[in-house]
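Trainee: Please give me a close look at how the secondary-structure elements are put together in this model. I'd like to follow the packing and pairing piece by piece, in one connected walk.

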Amino acid sequence: MKMKTSIRMRVVVGVFLVVVGLVAAQNAYVLNRFERNFREEIDDDLDEELEELRAASESDRLQEWIERATAASREDQELFIEVLDANGGVVARSESVPGCGAEVADAIPKRNGLRVWELPHPRSSSGARHIRIAELHVGSRTLCVALSMEQVQRWYWNLRGNLAATLVLIAVLGALAAWWVAARALRPIAEIVARARSLGALTDGSLPRTGSGDEVDRLAAVLNDLLQRIRAEVLRVRRVTADVAHALRTPLTAIRGNLELQIGRADEAHIDVLVSSLEQVDELVRLVNQLLLLEKLESGSLDARKVERIDLHELARGLVDHQRVIAEERGVSLRLHGEAVFVHADPAQIRQAIANLVDNALRHTPLGGMVDVEVRTEDGKASVRVADSGSGISPGELERVFERFYSTAEDQSSGTGLGLPIARAIARAHGGDVSAFSPGGAVFTLELPLAHGVAR
């Protein structure tokens with residue numbers, strides 16, 4: 001499964017990698033230049049020592065000169081000198097000098113037979129300290145001069161440690177700076193997202209614009225134009241739906257009256273057909289009434305004269321007692337539990353909202369299943385929780401089930417597809433909402449504001 005990352009995180013990671021890469025490359029270049037420069041300086045010192053040794057190599061007091069020269073060298077740049085004859089025998093040498101007459105594989109050939117290479121320091125137990133050796137043939141003698149690289153190596157390791165610490169510091173500061181800059185740059189998008197989520201069913205309102213004319217501002221402008229067109233289309237569809245529902249109400253009422261009249265006059269051979277037709281007309285009338293109710297609720301109109309203080313638990317008890325007969329016919333167990341919770345609402349509408357949720361749960365619960373209705377106070381709100389033991393709802397459909405006429409792929413039950421939208425519209429008209437989640441079966445929760453002065 002592909003992991004999703006935010007734009008801010010991708011920006012931070014990208015800046016972090018770029019900064020680390022550039023600083024690391026710069027550090028590698030600095031270290032390389034430093035290493036080359038200090039080796040060149042040591043080679044210059046070795047050349048000077050070889051010239052002085054060449055001048056003193058024919059003296060009778062060569063050993064004394066060597067001891068005086070090595071004694072005068074600095075402790076952190078120790079000097080080693082060795083003079084060999086044609087047969088490799090030692091003519092004169094300083095103390096603790098490593099052998100330098102043998103062939104060395106990585107020796108660097110230089111001008112006029114001069115060779116330069118490196119060996120571990122003779123008193124370095126770990127081999128980390130090195131000496132740099134220069135060898136020159138003068139007549140029948142071989143002159144060897146070596147200098148300790150302890151000081152320059154210490155400088156090198158200090159420099160490398162400082163550069164590594166700097167790299168970490170720059171990487172951290174760069175990542176924090178990138179996070180801050182990305183947060184500021186993406187803040188208008190976050191505001192657009194937050195505002196888009198808060199838009200109502202009619203996508204009322206508009207998305208915030210920065211007024212800067214940048215890409216985000218132009219995106220907000222395009223989306224606002226799109227929202228206006230969507231809003232106009234939704235309003236048009238709702239207007240058409242309401243007009244059709246109003247237009248159908250009168251002829252359906254007339255058809256129903258005629259069917260009832262015909263049933264009273266018909267013989268037994270035609271009564272069944274007329275009764276079936278009457279049931280179909282009643283279903284159409286119910287659908288029309290639901291559409292008109294939904295349009296009324298979504299327009300935000302709530303008759304304050306019908307609002308009263310009601311006990312949700314008592315209201316749900318009467319509803320469950322009525323629905324229990326239907327549940328038993330379907331082989332489903334219907335239970336109610338909870339506590340007395342008071343709200344100010346239209347009792348008929350709240351009863352219909354709860355009835356729609358219970359009916360939806362019963363239709364989606366298999367034989368032998370269970371539907372639980374719980375009334376309680378949760379997070380300072382009145383809550384009616386309806387849970388079933390059905391197959392549940394996929395995450396992508398948890399919001400779509402509240403759309404008009406929508407049914408899931410697994411939904412083979414009869415229904416208009418308006419029960420859940422009506423329940424949510426009733427809740428929102430009362431300042432509440434209906435939400436759904438599916439931990440196994442489906443759970444629908446109706447939330448309403450508590451009645452004033454009620455702390456339960």
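**Packing and pairing, step by step**

Mentor: Let's begin with a helix pair: H4 passes H5 in a left-handed crossing. Please keep in mind throughout that this is a predicted model. Helix H4 covers residues 215-265 and helix H5 covers residues 268-298; their axes come within 9 Å and cross at roughly 155°. Since angles over 145 degrees count as roughly antiparallel, that crossing makes H4 roughly antiparallel to H5. Sorted by class, the contact of H4 with H5 has 17 nonpolar, 5 polar and 7 charged residues.

Helix H6 (residues 312-329) packs with helix H7 (residues 347-363) at an angle of about 40°, and their axes are 10 Å apart. H6 and H7 are therefore oblique to each other, and their crossing is right-handed. On the H6 side, the contact is made by Leu312, Leu315, Gly318, Leu319, His322, Gln323 and Ala327. H7 brings Pro347, Ile350, Arg351, Ile354, Ala355, Val358, Asp359 and Leu362 to that contact. By class, the contact of H6 with H7 has 10 nonpolar, 3 polar and 2 charged residues.

Now for the strands, where there is an open sheet of 5 strands with mixed pairing, in the order S8-S10-S11-S13-S12. Its edge strands are S8 (333-338) and S12 (433-437), each of which pairs on one side only. On average, and with direction ignored, neighbouring strands of this sheet are turned by 15° against each other.

Let's walk across that sheet. Strand S10 (residues 370-378) runs antiparallel to strand S11 (residues 381-388), and 8 bridges join them. Within this pair, Glu374 has Arg385 in S11 as its bridge partner. Helix H8 (residues 419-429) packs on the sheet, where H8 touches S12 and strand S13 (443-449). The direction of H8 makes about 135° with that of S12.

S13 deserves a moment of its own. Of its 7 residues, 5 are buried, so S13 is largely enclosed by the rest of the structure. S13 pairs with S11 in the antiparallel sense over 7 bridges, and Lys381 stands opposite Pro449 in S13. S12 and S13 also run antiparallel, joined by 5 bridges, with Ala436 opposite Phe444 of S13. S12 and S13 form a hairpin that has 5 residues between the strands.

Strand S1 (residues 79-84) and strand S2 (residues 90-93) run antiparallel and are joined by 3 bridges. Glu82 has its bridge partner in S2, namely Arg93.

Of its 456 residues, 36% count as buried. Among the contacts with a separation of 6 or more, 63% come from residues 24 or more positions apart.

Technical notes
Residues numbered from 1 in each chain as written. Predicted model: local features only at pLDDT ≥ 70, side-chain atom pairs only at ≥ 80, totals over all residues. Heavy atoms only, no water. Axes fitted to C-alpha atoms, helices over the stretch in contact; angles between N-to-C directions. Helix = DSSP H or I, 4+ residues; strand = E, 2+ residues; numbered from the N terminus. Parallel < 35°, antiparallel > 145°, perpendicular 65-115°, else oblique. Left-handed = near helix turned anticlockwise from the far one by under 90°. Nonpolar A, V, L, I, M, F, W, Y, C, P; charged D, E, K, R; others polar. Pairing = 2+ DSSP bridges. Contact = heavy atoms within 4.5 Å. Buried < 20%, exposed > 50% of the residue type's maximum accessible area, 1.4 Å probe, protein only.
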